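Biologist: I'm new to this one. Can you put it up and walk me through some of it?

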Amino acid sequence: MLADVVEHLSCPVCAGRLKLDAGALLCTAGHRFDVARQGYANLLSGNARPGTADTPEMVRARDAFLSAGHFGVLTERLAERAARTDALVLDAGAGTGHYLKAILDRSPGTAGLALDISKHAARRAARAHPRAGAVVADLWRPLPVRDAAADTVVNVFAPRNAPEFHRVLKPGGILYTVTPSERHLGTLVRALGLLSVDERKAERMDTALAGHFTAETREDLETEALLSHDDAATLVAMGPSAHHVAPEELRRRLADLPDPFPVPLSFVLSAYRRLG
């Protein structure tokens, strides 16, 4: 809960220290941020516009799909790599907290901080693990996290703010990123007309992180999932393609596929060391 991570948070208005007080986060300058009854705090600054935030429908779909274990290979490998003891793991773009939970399950004494711009995701992330706290925040803005607070930053299919990740990591800290390769969901992408992955994504990511991080390792995770039509519809509903394929058209295209249908899963797990 927030009590486990409040010492690592900072006020989004003045960057002052925050403390828990009677169901709210208070800073030394008097700025106050209520803690929702679900256990998360909204630390978006007043002029932030969460226009890209996941909707309740997208969050429900993501929770259902990930809880079913379809991305289990990724979940287990990331948890294995990112596990720490007596540390702080910051999940930037945490969604429902699925991956953070797996990491904390392997990390005795470690606290987890889930950041996401969607309050609907933060509600679920706040309940993901007893040692996790959830905060609504915009990854493209200064993060409401103190300097050098985190031992590890995890970033799964989410925006990457290199200067801020560098700032909140301790010297020598590690950033783990997960991106899809151009092979990810290939047959489903073609059959359903989904958004495709930039084949130069890893190269662009290295460029974006240069000057703040140095690449240490890169691992390709290749597997296959046998998805029912319902599974495939849930997968589409949890990501950006949900905005690009109308439900009626999606059902029509799915009807032309075998049920179940084999779908390739292809992830790139990269580790970057903080410079300086």
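Modeller: A definition to begin with: contact means heavy atoms within 4.5 Å. Keep in mind that this is a predicted model.

Biologist: Then which residues is His 8 in contact with, leaving aside its neighbours within four places in sequence?

Modeller: Those are Leu 88, Pro 144, Val 145, Arg 146 and Ala 149.

Biologist: Where is His 8 placed?

Modeller: His 8 lies in the segment before strand E1 (18-20).

Biologist: Is His 8 buried or exposed?

Modeller: His 8 counts as buried, because its relative accessibility is 16% and the cut-off for buried is under 20%.

Biologist: On to E1, then. In what order do the strands of its sheet come?

Modeller: The order is E1-E2-E3, in an open sheet of three strands with antiparallel pairing. E1 and strand E3 (32-34) are at the edges and have a single partner strand each, so one side of each has no neighbour in the sheet. On average, neighbouring strands of this sheet are turned by 25 degrees against each other, direction ignored.

Biologist: How many bridges are there between E2 and E3?

Modeller: Three bridges, in the antiparallel sense, pair strand E2 (residues 24-27) with E3. Ala 24 has Asp 34 in E3 as its bridge partner.

Biologist: Which residues are on which side of E7?

Modeller: Ala 132, Ala 134 and Val 136 are on one side, with Gly 133 and Val 135 on the other. Both faces are covered, as these residues are all buried. In a regular strand, side chains alternate between the two faces of the sheet.

Biologist: What does E7 have for bridges to E6 and E4?

Modeller: Strand E6 (residues 111-116) runs parallel to E7 and is joined to E7 by five bridges. Strand E4 (residues 41-42) also pairs with E7 in the parallel sense, over two bridges. Val 135 of E7 is the bridge partner of Leu 115, and Val 135 is also the bridge partner of Ala 41.

Biologist: Now the helices. How do H8 and H9 cross?

Modeller: The axes of helix H8 (residues 229-237) and helix H9 (residues 247-255) come within 11 Å and cross at roughly 140 degrees. That makes H8 oblique to H9. The crossing is right-handed.

Biologist: Which residues make that contact?

Modeller: From H8 they are His 229, Ala 232, Ala 233 and Val 236, and from H9 they are Leu 250, Leu 254 and Ala 255. By type, the contact of H8 with H9 has six nonpolar residues, one polar and no charged.

Biologist: And what is the crossing like for H1 and H8?

Modeller: Helix H1 (residues 56-67) and H8 have axes that come within 8 Å and cross at roughly 130 degrees. H1 and H8 are therefore oblique to each other. H1 passes H8 in a left-handed crossing.

Biologist: Which residues meet there?

Modeller: Met 58, Ala 61, Ala 64 and Phe 65 of H1 meet Asp 231, Thr 234, Leu 235 and Ala 237 of H8.

Biologist: How do those divide into nonpolar, polar and charged?

Modeller: The contact of H1 with H8 has six nonpolar residues, one polar and one charged.

Terms used. Residues numbered from 1 in each chain as written. Predicted model: local features only at pLDDT ≥ 70, side-chain atom pairs only at ≥ 80, totals over all residues. Heavy atoms only, no water. Axes fitted to C-alpha atoms, helices over the stretch in contact; angles between N-to-C directions. Helix = DSSP H or I, 4+ residues; strand = E, 2+ residues; numbered from the N terminus. Parallel < 35°, antiparallel > 145°, perpendicular 65-115°, else oblique. Left-handed = near helix turned anticlockwise from the far one by under 90°. Nonpolar A, V, L, I, M, F, W, Y, C, P; charged D, E, K, R; others polar. Buried < 20%, exposed > 50% of the residue type's maximum accessible area, 1.4 Å probe, protein only. Pairing = 2+ DSSP bridges.
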